[in-house]
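Colleague: I'm new to this one and would like to learn how to read its pockets and strands. Could you walk me through it?

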Amino acid sequence: MPAFRKTAETFTAGAKTLPQRYFVSPEIFTKEQEVIFSTQWVCVGHQSQIAKAGDYLVQEVAGESLIIVRDKSGEVRAFYNVCRHRGTRLCEKKTGHLSAIQCPYHAWTYGLDGRLIGAPHMDDVEGFDKANYSLGGVNLALWEGFIFVNLADVPTSLDEWFAPVAGKFSHWNLPKLRSAKRIEYDVRANWKLIFENYSECYHCPGVHPTLAKLTPYDSAENDLSEGPFLGGFMSITKGNSLTMSGNACALPVGDIKGEDHHRVFYYSIFPNMLLSMHPDYVMVHQLWPQSPERTLILCDWFFHPEASRVTDPCYNPNDAIEFWNMTNKQDWHVCELSQQGIASRAYRPGPYSPRESIPAAWDREYLRYIK
C-alpha cells in the first residue's frame with residue numbers, strides 16, 4: 001500500500017502509535033460504534049449492485065441490519081430491517097430481488113418505498129392506519145456512485161461531508177463502473193490496523209516483494225494529508241499495471257490522461273472505505289469492525305462497463321484480482337501479527353517514521369471522535 005513522502009504538512013516529529021487500549025478494549029469498541037459508525041456516513045456498496053427496481057442488499061451498520069433497495073421509480077432507499085408489527089427481521093438473505101418486502105411472520109407487506117401496503121386482519125382494529133406504519137427510514141445518499149448511509153437523526157449532508165474532494169475523482173468514471181468480483185476476508189485484527197497498514201508502504205519491500213517490483217515503494221506523493229480523506233499516488237513502472245502478468249488487464253476505467261496512466265491512487269475515506277484507483281480497474285475495500293480483534297473486509301474489483309463486452313484480448317480481470325488477493329492476504333497476515341503483539345503486556349506505543357505520516361494523520365482524525 002502507499003508510502004507517502006515526508007512533508008511539513010503531514011509528518012509530525014514525535015508522533016507515536018496509539019496506546020494498547022484502542023486495539024483491545026471492548027469499551028472503546030462499543031464507543032466507536034456509537035460515536036463513529038452510528039453518526040458518520042459509511043459506505044455500504046455501489047449503485048451497480050442494485051441496478052434494477054427491486055434489487056436489494058442487506059448490510060449491518062453499528063449493530064443495525066439495514067435493507068438497501070432500489071424502488072420502482074429508480075431511487076435507492078434504506079430502511080431498518082424491522083417489521084412494524086412485532087419487530088421481526090424482514091430480509092434474511094444478503095442480496096436478492098423483491099417485488100415487495102413481506103414479513104415472514106404475519107405477512108405484513110411493504111412497498112419498495114417503505115409504505116405499508118398490506119396488513120392481514122388489521123382493518124378490524126379501530127384507528128389503525130397503514131400510513132402510520134411505514135418502515136423506519138435511514139439517511140442515504142450517493143457519492144460517485146457509491147451508496148452511503150448515516151444512522152444519525154440529523155446528519156451533516158453527504159455533499160457537505162465530501163466537499164473537500166468535490167469533483168476530484170470525476171474523471172475516473174466511478175458511478176458507471178461494474179464489480180467483476182467480491183472477496184470477503186475475515187481478519188483477526190482491529191479495524192484501525194487495516195487503515196494504518198493501507199496508508200504506508202514502509203512495509204512493502206519485505207511484505208510485498210511482487211508489488212514492490214511493479215511500483216517503487218518510495219515513489220509516492222501525497223495530496224490529502226489531514227482530515228477524513230487521506231492519500232495520494234504511487235508510480236507504476238511505465239507500460240505495466242498492478243496485475244500478476246504486469247500488463248494492463250482491461251480498458252481504461254475513465255478519462256485517464258498523461259502520467260496518470262502510470263500511477264495508482266490510494267485514498268482512505270473515514271471511517272470504512274479504502275479507494276484504490278488504477279488506470280484499468282478500481283479496487284474498493286469496505287471495513288466492518290466485528291470486535292476489537294476482528295474485522296470483516298469486503299473487497300470489490302470494478303471495471304469499465306464496456307470492458308467485458310468489447311472483443312479485446314487484454315480483458316482479463318483475474319489478472320488484477322489474483323494479484324491483489326495475494327497482496328491483501330499478505331497485508332492481513334501482518335495486521336494479525338500486529339494485533340497479537342499489541343495485545344501483549346510488553347507493548348508500548350512506538351515512534352512513526354517519516355514514511356508513516358498518513359497513519360499518524362489518520363490517528364489524529366480518529367482521536368477527534370474517541371478521546
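Colleague: Let's start with the second largest pocket: how many nonpolar, polar and charged residues are in its lining?

Modeller: Keep in mind that this is a predicted model. The general idea is that rolling a probe the size of a water molecule over the atoms shows where empty space is left. Here, the lining of the second largest pocket counts 10 nonpolar residues, four polar ones and three charged ones. Its volume comes to about 370 Å³. There are 17 lining residues, and those closest to the centre are Leu-193, Glu-196, Glu-200, Ser-338 and Glu-356.

Colleague: Which helices each supply at least two residues of that lining?

Modeller: Look at helix H4 (191–198) and helix H7 (317–342). H7 gives the largest share, with four residues.

Colleague: And the largest pocket, how much space lies in it?

Modeller: About 560 Å³. It is lined by 27 residues, and Val-58, Gln-59, Glu-60, Lys-94 and Leu-296 are the closest to its centre. Several elements give two or more residues to this lining: helix H2 (26–37) plus the strands E2 (55–61), E11 (178–187), E16 (282–291) and E17 (294–303).

Colleague: Which of them makes the largest share of the lining?

Modeller: That's E2, with five residues. By class, the lining of the largest pocket splits into 12 nonpolar, eight polar and seven charged residues.

Colleague: Which strands does E13 pair with, and in what sense?

Modeller: Strand E12 (residues 221–224) runs antiparallel to E13, and three bridges join them. To find one of these on screen, go to Asn-222, whose bridge partner in E13 is Gly-232. E13 also pairs with strand E14 (residues 263–269), again in the antiparallel sense, over seven bridges. There, Met-234 has Val-264 in E14 as its bridge partner.

Colleague: What about the hairpin of E12 and E13: how many residues lie between the strands?

Modeller: Four, and in this hairpin Gly-227 takes a positive phi near 100°.

How values were computed
Residues numbered from 1 in each chain as written. Predicted model: local features only at pLDDT ≥ 70, side-chain atom pairs only at ≥ 80, totals over all residues. Heavy atoms only, no water. 1 Å grid on protein atoms, 1.4 Å probe; cavity = no way out; pocket = protein on both sides within 12 Å on 5 of 7 lines; lining within 4 Å. Points joined across faces, edges and corners; volume = space filled by probe spheres on them. Nonpolar A, V, L, I, M, F, W, Y, C, P; charged D, E, K, R; others polar. Pairing = 2+ DSSP bridges.
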